[in-house]
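Me: I am new to reading structures. Take me through this one, and tell me what each label rests on.

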Amino acid sequence: MSAAFATRSTAELLAENERLQEVDQMKDELIALVSHELRTPLTSIVGYLELLTDPEAEPLTEQQARFLSIISRSAERLLSLISDLLLMAQVESGGVLLDREALDLGAIAEDCVASARPTAAKRGVELEVEIAATPVYGDRRCLSEVVDNLLSNALKFTPDGGSVTVRVARTESTVLLEVADTGIGIPPEEQAQLFSKFFRTRGAIKRAVQGTGLGLSIVKAIVDAHGGEVDVESEVSKGSTFRVALPAEEWPGLREVT
Amino acid sequence: MITARPLVLVADDDEDIRELVSFRLSRSGYEVVTACDGEEALALAAKSPPDLAVIDVSMPGLSGLEVTRALRAAPATASTPILLLTARAQDADVEIGLAAGADDYVVKPFSPEDLAQRVASLLHIAFASSLAAPGLRAVALR
């Protein structure tokens, strides 16, 4: 009796396992398909926009230029959503595959800060840096994504006249990245959920701040894959500080970065 | 014989993207021929070997990777610079493309300006290496 039961459940488990593998494969295929199908029309949108706003094209009226810049911004949003979904899918199906090399986290952060400067200026937010050359063994694209995500959040949730500070430093055992803002802050009861997929704070929803709720879960997945930790310290109306600590291991070639 | 303008073969199954690439590259002064699938691309390349090929990776029938391998296998296009257009941003796909014999790639959506610059630099490199080994390439790019 119990043997028959055991046999059946093994068969059932095998069938269930097979079914789950099929579902998983379908999910991967769907993501690949969606990614391709979305990227192709986006190529036309972004490409023809560039031709229209090109210095060699016919001059535009002020209104036409403004409308085209709105189309362009929307296309960029769609594109970053597709990239986030793809990265998230990659994380879900077996984790982030890191392409590690000896890097300077300070230089990566400087680059991210430089590209965020126009947004900060437009929002009237002071962008400050305390960045030291800091060797780390990691994936360049992924670590840029971490800095970009934290920086873009900080800028989104910091009102006019506030400031955002990016710090990169190294202690004996840890490489530290810190993004601190003087923004709206996160209530304690929401802090634990911050790094869950698709989670959005009430503050973000109330203020209609654009976002997918994927950014911080991507940050966490990348930091985990590097063997590091990420946490947050925040007080409502005072601001938030996100801290990423990566292990400062000695790797071959790491010295050459400094 | 000197070809006045470099001949660029553009293969993509999406008509809008064919026109986008063809418009931008024509403006750079190249002569552009377009193909809407892999078979047509190979037929055009066999008829008049291009100085450079811009090929979409995902096309129905022969994929861009198969077209790349076929171009590499044909003596007339064995060293023709090939630039792939890919909608797949994952690095593994890019590696497969480069292993198939492509020289460069851009990920969709790409900037037409960036594409034009890459095409110019690939043609420049090809021209320089044809000067270094004149017997290898029968093209003269001006």
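**Labels and their grounds**

Reply: The contact between the chains takes 17 residues from chain B and 15 residues from chain A. In chain B, α1 (15–27) and α5 (112–132) each supply at least two residues of the side that touches chain A. α1(B) gives the most to that side, with 5 residues. By class, the side of chain B that touches chain A has 8 nonpolar, 2 polar and 7 charged residues. Bear in mind that this is a predicted model.

Me: What makes a residue count as part of such a contact?

Reply: The distance between C-beta atoms decides, because two residues are in contact if these atoms lie within 7 Å.

Me: What is the pattern of chain B along the sequence?

Reply: Chain B reads β-α-β-α-β-α-β-α-β-α. Its secondary structure comes to 5 helices and 5 strands. Of its 142 residues, 42% count as buried. Among contacts in chain B with a separation of 6 or more, 59% join residues 24 or more positions apart.

Me: Why is A:Asp104 called partly exposed?

Reply: Count its neighbours. A:Asp104 has 18 other C-beta atoms within 10 Å. Buried needs 20 or more, and exposed needs 12 or fewer. The count of 18 lies in between, so A:Asp104 is partly exposed. A:Asp104 is found in strand β1 (residues 100–104) of chain A. A:Asp104 and A:Ala132 are 28 residues apart in sequence, and their C-alpha atoms are 9.1 Å apart in space.

Me: How do you know that the length of α4(A) agrees with its number of residues?

Reply: Compare two values. At 1.5 Å a residue, the 17 residues of α4(A) should span 24 Å. The expected span uses one less than the number of residues. The end C-alpha atoms of α4(A) are 24 Å apart, so the two agree.

Me: What makes α4(A) mostly covered?

Reply: In α4(A), 12 of the 17 residues are buried. Among them are A:Leu143, A:Val147, A:Leu151 and A:Leu155. A residue is buried if 20 or more other C-beta atoms lie within 10 Å of its own.

Me: Which residues make the contact of α4(A) with α7(A), and how do the two helices cross?

Reply: The axes of α4 (residues 140–156) and α7 (residues 215–225) of chain A come within 9 Å and cross at roughly 145°. The crossing of α4(A) and α7(A) is left-handed. From α4(A) come A:Cys142, A:Glu145, A:Val146, A:Asn149, A:Leu150 and A:Asn153. From α7(A) come A:Gly215, A:Leu216, A:Ile218, A:Val219, A:Ile222 and A:Val223. By class, this contact has 8 nonpolar, 3 polar and 1 charged residues.

Me: Why are β2(A) and β6(A) called edge strands?

Reply: Look at the order of the open sheet in chain A: β2-β4-β5-β7-β6. This sheet has 5 strands and mixed pairing. β2 (126–131) and β6 (229–235) of chain A each pair on one side only, and they are the edge strands. Neighbouring strands of this sheet are turned by 10° on average, direction ignored. Helix α3 (residues 105–123) of chain A packs on the sheet and touches β2, β4 (163–170) and β5 of chain A.

Me: How do you know that β5(A) and β7(A) pair?

Reply: Two strands pair if there are at least two bridges between them. β5 (residues 174–181) and β7 (residues 239–247) of chain A have 7 bridges, in the antiparallel sense. With 7 bridges, therefore, β5(A) and β7(A) meet that rule. One bridge joins A:Thr174 to its partner A:Pro247 in β7(A).

Key. Residues numbered from 1 in each chain as written. Chains lettered and ligands numbered in written order. Predicted model: local features only at pLDDT ≥ 70, side-chain atom pairs only at ≥ 80, totals over all residues. Axes fitted to C-alpha atoms, helices over the stretch in contact; angles between N-to-C directions. Helix = DSSP H or I, 4+ residues; strand = E, 2+ residues; numbered from the N terminus. Left-handed = near helix turned anticlockwise from the far one by under 90°. Nonpolar A, V, L, I, M, F, W, Y, C, P; charged D, E, K, R; others polar.
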